[in-house]
Amino acid sequence: MRTVNGIGSVGEAVKEVVKEAAWYLRLTRIFTGKAVKAMLTYRFLFVINCISQALDYAVAFLLMWVMISAFDSLNGWNACEVMLLYAFSLFAYGIAGTFFFNIMNHLPGQIWRGGFDDVLIKPVKVLPYLLSSSFICNYIAHITLSILVMGFCFHALEMPVTLWLLLKILRILFSGSLIYGGFFLIVSGSAFLVTRTDALFHIMFFFREVSYYPLSVFPKVIQIIATVLVPYGFINFYPLRELLGKEEAGGLGDLAGWSPVVALVFFAAACLFFCRSARQYKSSGS
Amino acid sequence: MGLCRKILSISFKEKSIFRFDYLVSTLFSFFHIVLKVYLWKGLYGISGGTVNGIALNDMLVYSILSSFTAGITKTTVMNDLNDSVLSGSISTNLLLPIGLKKYLFVGSVTKNFFLTLYGTIPSVLAAMLFFGFHARIRPVNIILYLFSVTMGILINFLYNFLFGSSVIWFRNAFFLNNINSVLLNLFSGSFVPLWFFPEPLKILSVFLPFRYIVFEPIAVLLDTKSVEETAGVFTMQFFWLLLLFCAATFVWNRGRNKIMIQGG
Amino acid sequence: MSLIEVDHVSKNYDVILQRSGMENVWKNIFCPDRKVVCAVQDISFAIEAGELVGFIGENGAGKSTTIKMISGILFPTSGRISVAGICPYLKREKNARNIGAVFGQRSRLNWDLPMLDSFELHKEIYRIDSGSYRKNVDRFIEMLHMQDFCNTPVRQLSLGQRMKAEVALSMLHEPAILYLDEPTIGLDVLAKQQIREFIKERNRLEGITTILTSHDMKDLDSICKRIIILSKGSILFDGSMERFKQEYTKESVAEFTYAEKRSDQDISSGSVRVILDREHRLVVGYSPAKMTTAQLVETVSARYEINDFTIKAPDIEDMVRGIYEREEGMP
C-alpha cells in the first residue's frame, strides 16, 4: 500500500480492508461465543427475561389492537395496519439493538470510570472493536414477536406473502435497522462530548414511540422533524404506506423510494460523528 | 416522623439544584401527553362523536388526568430493592433504626414528590394550557380523589415491595419489572381506559389490584360513579391494601431472615 | 535513541464548571464556565529499554495523564513523545501492540468466565500465535501459582488471584513496555510479593521496560531502579533509587544501650545530634548521607561502652511525605 497509483494498489487496499473485516468478524464470533458461555450460568434468567420482554411488547400490541378496534381506524389505518407499523419499527429496533445497544448502554459508564482507556490501549480500531465485543442475543424476543405479528397482520389483511413482497419487506427492514443503528451510534458518540446523554436518549425513544403510529396522526411540526431532522418516518411510515397502498397525504409527500438512501446516508453520518467524537476524547480526556 | 423530615430535607437540598436533566425529562413527559392526545384525536377522527359513550373531550381530560395520576402513584421500590440486594447494601439498611419497608416508602414518596413537582405538574399544566381542560369537577370529588389516589399510592408501593422482595431469592428483578410494567400498562388504565376494554379483559381486571391505582381514582374524580359505586371502590381499595400489606409483611419477614442467616 | 522520549510535553484539560441554583440553569446550558486545568506542565524525560521506573506523586499530580499520553490514549497539548521510534497517539494501534497495561482499579477480565477465557480473547485481539500463547500461559500460570484457580469464574476469585491474572494477561503478547497503575492496591502481603517477583523476573528475562505507579512505597523500593516524582504536573525528581534515598533521606535514628560512659564529652557534631541520654540509653539522630552506620558506631563507642544498638532505617514513605509537605508549604 505504499503507492496508491494504478489498479494493483487499489486491489491491494480492497484486499486489506476485506482481510480486516474478516478479522473483526472472527473477533465478533469469539466474543459472542464467550458471552454465550458466560450467559449459560444464568440460562434460566436469560430465558425468563426474554419472555417477559416479549410479553411487555405483546401487551403493547394487544392494547393497540383493543384501542383501534374500539374506534375502527386510526386516521384511516385499521388495527392490523398500525400493528404492522409497530412490528416493523420493533423489528428494526431489535436488529439495531443486537449490534449497538450494548455500546450505548456501556459507553457512558466506561468513559466516566475510565474503562474506555482499556479499549484505546488495545491494537484495534475503536468502532469495529466495540461492535465485535457488544453483540447480544437478547433481542431475539423482539424479533420473533414482530415476525409473528407481521405474519398475523399480512394474513389478516389478505396479502399473500410472495417472494416479491418478501424482498420489499427485507428492504424496508434493512433501511429501518440502519436508521436505528445510526441513532444508537449518535447517542453513544455524544457520550464522548457531554457527561449526560439523557436529552438525546429521550429524543431517540420519544420518536421510537412516534414511529409506532402513522406519522400523519401527529401535528405537521412532528411530521417534518421525523422526516428531515430525525429520519424516523423512513423506518416504517413512508415505506409501509406505499406497501399497503394507502392513499393519504400525511408527511412530506411520497418518499418511500428514498428510504434506503436516507438510511445509508444517515448511518454513514452517524458513524462519522461517532469516530469524530471518539477522537475528541483523546484530546480532551476524561 | 423526625426521620421522614430529615430524609425530605436532604432530598430537597439535593434536588433543589435545578438541573438540565429535570428540564429535559419535564419536556419529554409533556411530549408524551401530546403524543397521547393526538392519538385520541386521530382515533376520534374529524367527526368526533362518542364511542362507548365517551366523547373526545372526555378522553383528553382522561389523558391529562391519567398522566398526573400515573406520575404520582409511580414507585421505583422494586429497582431500589434490587440494587440494594445486588450491591449488598441491604445489610446496612437493615441496621437502620426504622423498618426497611417504612424507610423505602418514605424514600419513594420523597422521590416522587420531586418528580411530581418538577416533572409531572409542569408538564400536565402545559398540556392543560395547550389543549384546554374542560371538565366540571366538584370540590367533593377532589377530596374523594385525593383519598382514593393515596390508597392507590399505597397499593402500588406494597405490590412493588411484595414482588421486589423476591429478589432476595431470585437475585434479579429485571423480568419482574417487565411483568410489572406489563400488568400496570394493561390493567391500570394509564394508557387505555378500561371503558374500551373487551369484556374478558374487563372481567379479569376486576380481580386484580391494578385498576385501583390509576383508573378508579380518575373515575371517582370525574364523578362517573354513584355513591354506592364510589363506596365500592373504596372498599376494594381497602381490601387490596390490607391483603397486600399482610402478604408484603409475610414475604419480607421471611426474606429478612434469609438475609440475616445467610448474610444476603 | 531512547525507547521512550518525552520532550517538553504539556497537557491541559478543559473543565466545565456547573453553577448551582435556579438562576444559572440557562447559563449552564448555553455559556458554561470553562476553566483550563493544567495536568502536566512541560515535562521531559527519557527511558531506556529494560529500565524499571517508578512514578510517584500525590493524587492529581499528573501520573496517569503522563502514562496515558505515552500509551497513546491522550494527545498532549504541546510537546513531542516518541515510543520505540513512533508517535504513540498518532499511531495508537501500532503502538498498542508493543505495550501492556494493568490498571489496578479496573478489571479487564470477564467476571462470569474463568480467566483462561479472557486470556483466549486477549490472544485473538493481539493476534498472538498459538505456539507462544501456549508457552506463555503455561509459564505464567506456574510462575504466579495460578494452577488452582485458572478454571474458576473470575467472580469467585480473591482480589489477589484476580490481580495475578490481570498482570499475566497484560504480558501475554510479550509487550516491550509495561504500564502498571497501582498493581498491588488492596492485596495481601503474599500476593504482593509474588506479583513483584513476577514483574522483576519478566524484566530480567525478557528485558520488559516497566513503568509503575504505586502508593505503596515498598513496591517501588523492591521493583524500581529509577524514580520519577511528579507534583502538580511537574517533575520534582528524576534519578536512581539510591540517589533518591540519599537526597531525600532526612535523619535516621539510632538507639544505643550502654554499660557506662567513658567521658562526659558531647558527641554532637554537624552530622550527629543527641536526642536523649539517660539511664544507660542513648538516642541519636544522624544523617546517613553524611555518615555511614560504621562511622556512627565508631564515634559513639569512643565515648560509651556499648551493649547493644538498633537503627531505624529511613522509610521511603516518610521521605515522600516530607516532599509532599514541603510542596504544600506545611512544616
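C:Phe256 is buried because 21 C-beta neighbours lie inside 10 Å. The cut-offs run as follows: 20 or more other C-beta atoms within 10 Å make a residue buried, 12 or fewer make it exposed, and anything in between is partly exposed, with C-beta atoms placed from the backbone.

This is a predicted model, where local features need pLDDT of at least 70, side-chain atom pairs count only at pLDDT 80 or more, and totals for chains, interfaces and linings use all residues. Residues are numbered from 1 along each chain as its sequence is written, while chains are lettered from A and ligands numbered from 1 in the order in which they are written.

Stay with C:Phe256. This residue sits in strand β10 of chain C, residues 252–261. Strands (E, at least two residues) and helices (H or I, at least four) are DSSP runs, numbered from the N terminus. Leaving aside neighbours within four places in sequence, C:Phe256 is in contact with C:Leu282, C:Val300, C:Tyr304, C:Ile306 and C:Phe309. Contact means that the C-beta atoms, placed from the backbone, lie within 7 Å. C:Tyr89 is 167 residues away along the chain, and its C-alpha atom is 57 Å from that of C:Phe256.

Now take chain C as a whole. Its domain assignment gives domain 1 (49–76 + 92–246) and domain 2 (251–313). Such bounds come from an automatic or database assignment. The C-alpha centres of these two domains of chain C are 43 Å apart.

Next, turn to chains A and B. Here 25 residues of chain B are in contact with 26 residues of chain A. On the chain B side, α2 (20–44) and α9 (174–187) each supply at least two residues. The largest share, 9 residues, comes from α2(B).

Notes. Two residues are in contact if their C-beta atoms, placed from the backbone, lie within 7 Å.
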